[in-house]
Amino acid sequence: MGRKFISQKKQTREELFDSLVKNAIDFLDSSLDNLEKRPKNSIVDFYTSIELFLKARLMHEHWTLIISKPENANIDSFMVGDFHSVFLEDVIKRLKSIINEPLPESTIANFKALGEHRNQIVHFAHTDYSDIKATKAGVVVEQWSSWHHLHELIGTKWLDIFKVYSLEINRIHQRMMQQTEFIQARYDELEPKIKIEEKKGKKVIDCLHCKMHSGIITEEKKWGVDYNCMVCGVKDLAITPLNETIECSECNKEFKFFDSTVKHCPNCKVELTTKKLIELCENKYKEGDGWWEEGQAHIASCHECQNERPSVFFIDNLWSCVSCFDRGWQAICCPNCDEFVTGDMDKLKYFACHKCEDDVRRNMEADGF
Ligand SMILES: [Zn+2]
Ligand SMILES: [Zn+2]
Ligand SMILES: [Zn+2]
Ligand SMILES: [Zn+2]
């Protein structure tokens with residue numbers, strides 16, 4: 001059973017999109033308002049907001065996509081908000097298979113974890129729920145890590161669609177970032193555990209998100225380190241800075257571009273979208289690695305962020321994605337669908353790539369595997 005949106009008067013599609021997004025923003029605000037006194041409500045509201053934003057993205061494509069059974073869609077009931085809407089699981093599937101806007105793996109994992117936490121709170125509200133995450137500091141960091149994923153979508157990837165709301169989104173971002181005292185409290189709470197990890201020989205770095213010295217390194221690679229932050233829960237890759245520069249198309253000055261925090265040309269301040277960066281790189285990086293031959297594709301599709309347009313260039317001796325700034329994967333032509341992609345070599349050789357895996361899985365199921 002999906003939830004129903006009931007509104008009194010009939011709304012146009014544009015109005016409905018607008019009220020979905022405004023609703024989503026309201027839930028973010030109430031989530032932040034609730035932190036102090038009702039941290040559990042805060043989680044529930046935050047999760048609702050994520051679902052609403054994702055539904056808005058679907059709706060932007062077509063209104064029937066947010067209805068649990070599009071085949072029963074009826075425009076008149078839809079306009080008054082009388083319909084069952086989809087849940088996260090289906091939203092994720094539709095984003096990928098219908099509108100070709102797959103969410104990054106790490107984002108899916110994060111949203112699902114938050115969803116489970118929400119369900120525990122909603123369904124076991126009367127039990128003695130004493131999860132550590134139900135403390136204020138715990139809730140803040142949980143929201144922080146989810147916000148990091150949501151903000152990446154609505155503030156960057158889908159910027160064009162949510163542009164009219166960018167003032168509001170920035171305002172929420174500021175509010176979110178002001179929770180530093182909770183982050184500090186969480187750090188104080190966890191510091192002894194972090195010290196123990198260090199004594200056990202683990203290396204710890206400053207987290208790129210919460211800035212605390214709490215990123216436990218899980219793997220060292222030549223292009224950077226993978227870490228899990230004990231304080232804010234973000235799993236990320238801290239890339240070893242790349243000194244490579246590129247020429248700005250507006251002011252012709254060179255600048256260091258391989259850094260997810262660089263959103264503008266440092267000289268003329270022109271906005272640097274993923275699309276723009278790909279275009280700049282297309283002009284500069286025209287060859288692949290040692291296996292590459294003249295005439296073959298030299299820009300790969302990234303399996304990690306699954307940016308629609310190929311975004312992985314061979315930069316400074318490694319395949320490097322200028323959309324999610326991950327590096328170091330192999331790039332090959334998928335033996336199954338022939339797309340030039342990055343990914344795990346074994347999976348590519350014996351199964352499929354991120355572009356064709358759904359089809360391959362469907363065929364296997366049809367064949368009775
Ligand atoms: Zn952190
Ligand atoms: Zn410039
Ligand atoms: Zn990527
Ligand atoms: Zn493939």
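A residue is called buried under 20% relative accessible area, exposed over 50%, and partly exposed in between, using a 1.4 Å probe and the protein chains only. By that scale Cys268 is partly exposed, with a relative accessible area of 31%, whereas Cys248 counts as buried at 2%.

Before I continue, a word on conventions. This is a predicted model, in which local features need pLDDT of at least 70 and side-chain atom pairs count only at pLDDT 80 or more, while totals for chains, interfaces and linings use all residues. Residues are numbered from 1 along each chain as its sequence is written, chains are lettered from A and ligands numbered from 1 in the order in which they are written, and side-chain values use heavy atoms, with hydrogens and water left out.

Both cysteines belong to the site of the zinc ion (ligand 2), which is coordinated by the SG atoms of Cys248, Cys251, Cys265 and Cys268 at 2.3 to 2.4 Å. Donors here are N, O and S atoms within 2.8 Å of the metal, or 3.2 Å for Na, K and Ca; water is not among the atoms, so sites may look incomplete. The four donor atoms subtend angles of 106 to 112°, which makes the arrangement tetrahedral; that label requires all angles of four donors to lie between 85 and 135 degrees. The donor residues follow the spacing C-x2-C-x13-C-x2-C. Cys248 sits in the loop between strand 5 (245-247) and strand 6 (254-256), and Cys268 in the loop between strand 6 and helix 10 (274-284), so the pair ties together parts that are 20 residues apart in sequence. Helices (H or I, at least four residues) and strands (E, at least two) are DSSP runs numbered from the N terminus.

I turn now to strand 3, residues 224-229. Five of its six residues are buried. Strand 3 runs antiparallel to strand 2 (residues 215-221), joined by six bridges; strands pair if DSSP finds at least two bridges between them. These two strands form a hairpin with two residues between them, and Lys221 has Gly224 as its bridge partner. Strand 3 also pairs with strand 4 (residues 235-239), again antiparallel, over five bridges, with Val225 partnered by Ala238. That hairpin has five residues between the strands, and Gly233 takes a positive phi near 80°.

Finally, the whole protein. There are 12 helices and 10 strands. Buried residues make up 46% of the 369 residues, and the C-alpha trace spans about 60 × 55 × 55 Å along its principal axes.

How values were computed. Four donors count as tetrahedral if all angles lie between 85 and 135 degrees; four count as square planar and six as octahedral if opposite donors are over 155 degrees apart and all others between 65 and 115; anything else is irregular.
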